[in-house]
Amino acid sequence: MSLAGAAPRRKQSPVITAEHETEGEAARVRPQALLTWYDRHRRSLPWRALPGATADPYAVWLSEIMLQQTTVRAVGPYFEKFMARWPSVTALGEASLDDVLKMWAGLGYYSRARNLHACAVAVTRQHGGRFPDTEEGLRALPGVGPYTAAAIAAIAFGRRTMPVDGNIERVVSRLYAVEDELPKAKPRIKALAETLLGPSRAGDSAQALMDLGATICTPKKPACALCPLMDGCAARLRGDVDSFPRKAPKKTGALRRGAAFVVIRGDQVLVRSRPAKGLLGGMTEVPNSDWLPDHDEAAAKAQAPVVKGVTRWHRTAGVVSHVFTHFPLELTVYVAHAPAGTRAPAGMRWTQIATLADEALPNLMRKVIAHGLGG
């Protein structure tokens with residue numbers, strides 16, 4: 001029978017089956033299977049270049065810093081605000097740290113904002129506004145660690161390297177049934193992840209694994225039937241996918257307590273800036289006491305600011321609770337009213353309650369002020 005005029009046969013996607021069970025054959029097939037899946041199912045993200053387009057190193061770097069310990073959903077609006085305000089690394093490098101902290105407020109882990117600004121300054125002043133295009137050069141920048149350097153190098157510059165985030169750790173630990181617990185397993189997982197790189201499109205390979213972990217190989221109830229690597233997945237074959245990655249028991253720091261002081265003068269509230277270094281460095285706060293595990297209420301209250309005309313403090317009902325990475329915190333909130341015209345103590349200032357949204361207030365202090373104003 002003549003084949004003339006027949007429709008061309010559709011190219012089949014590579015699928016890993018039992019015949020590919022040998023490690024060498026699986027290693028050969030997996031990278032292309034992953035890329036084929038990605039080309040069909042890639043997520044549309046504000047910082048991600050369109051298919052076939054060259055990625056913007058600035059957008060890649062900015063998104064990677066923002067995404068550290070934060071969700072894609074939370075980062076989206078912040079990324080778009082930063083890009084609208086500072087459309088290039090040079091523009092960001094010329095901004096003030098205070099403006100950057102204000103724009104960052106609410107996103108958490110504020111050392112990232114300080115490092116973001118320091119890195120933008122370094123790229124602007126030392127590299128003429130152009131990011132280095134190698135992992136080594138990127139790692140020399142402030143706030144750029146091994147993962148971020150690999151992500152930028154692969155996604156923005158096509159370097160053949162594999163960044164390993166939480167999504168990739170989960171996919172790889174299940175695919176190869178890595179028994180070692182995190183963080184000890186990290187070097188082995190990275191080595192295994194690198195076997196999923198094809199001869200080209202390193203950035204797409206990395207983003208494919210990220211998307212696979214975010215949408216298919218999720219922490220709970222993964223959709224294994226939709227995974228392009230399912231037939232070669234060791235954890236799936238064993239039936240214990242949910243047990244990976246193995247993790248050492250999480251250590252939680254001791255509860256710390258303290259007191260916060262909300263001083264109101266008409267339509268203003270008393271604030272100060274925290275020291276540039278350390279937890280919440282450079283952020284705006286209301287005066288507060290030390291945060292200690294062996295909290296003593298009388299000692300904490302003795303650290304209240306000395307404000308002329310303020311003689312009585314009202315303790316509000318309840319406490320403000322907040323959880324940092326290494327410890328939980330509870331603050332008792334005291335409120336006082338200062339007479340009109342009262343000067344702010346040294347190192348403090350009055351700010352309008354109506355414009356508090358423009359201050360670089362961390363979420364903790366937003367909760368404290370809301371609690372104080374409501375109490």
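Student: Why is Glu169 called buried?

Tutor: Bear in mind that this is a predicted model, and set the value against the cut-off: Glu169 has a relative accessible area of 9%, and buried means under 20%, so Glu169 is called buried.

Student: What makes the contact between Glu169 and Lys186 a salt bridge?

Tutor: The side chains of Glu169 and Lys186 meet with 2.5 Å from N to O, and a side-chain nitrogen of Lys within 4 Å of a carboxyl oxygen of Glu is what the term requires, so the pair qualifies as a salt bridge. The pair links distant parts of the chain, since Glu169 belongs to helix α9 (residues 166-175) and Lys186 to helix α10, 17 residues apart.

Student: Why are Glu194 and Lys190 described as separated by about one helical turn?

Tutor: Because Glu194 and Lys190 are 4 residues apart in helix α10. Their side chains meet in a salt bridge at 3.6 Å, N to O, which is within the 4 Å limit. Glu194, at 35% relative accessibility, counts as partly exposed, and Lys190, with a relative accessible area of 31%, is partly exposed as well.

Student: What does the salt bridge between Arg201 and Asp39 tie together?

Tutor: The closest N and O atoms of Arg201 and Asp39 are 2.6 Å apart, and the limit is 4 Å. Arg201 lies in the loop between α10 (186-194) and α11 (202-215), whereas Asp39 lies in helix α1 (residues 23-41), so the pair ties together parts that are 162 residues apart in sequence. Arg201 is partly exposed, with a relative accessible area of 33%, and Asp39, at 44%, counts as partly exposed too.

Student: How many salt bridges does a search of the whole structure find, and which residues are linked in a network?

Tutor: The search finds 16 salt bridges, and Glu179, Arg238, Asp240 and Arg246 are linked in a network of them.

Student: Why does Thr332 count as buried?

Tutor: Thr332 has 6% relative accessibility, and the cut-off is under 20%, so Thr332 counts as buried. Thr332 is placed in strand β6 (residues 328-337), and, leaving aside residues up to four places away in sequence, Thr332 touches Gly258, Ala259, Ala260, Glu297, Arg315 and Val319.

Key:
Residues are numbered from 1 along each chain as its sequence is written. This is a predicted model: local features need pLDDT of at least 70, side-chain atom pairs count only at pLDDT 80 or more; totals for chains, interfaces and linings use all residues. Side-chain values use heavy atoms; hydrogens and water are left out. Helices (H or I, at least four residues) and strands (E, at least two) are DSSP runs, numbered from the N terminus. Buried means under 20% relative accessible area, exposed over 50%, partly exposed in between (1.4 Å probe, protein chains only). Contact means heavy atoms within 4.5 Å.
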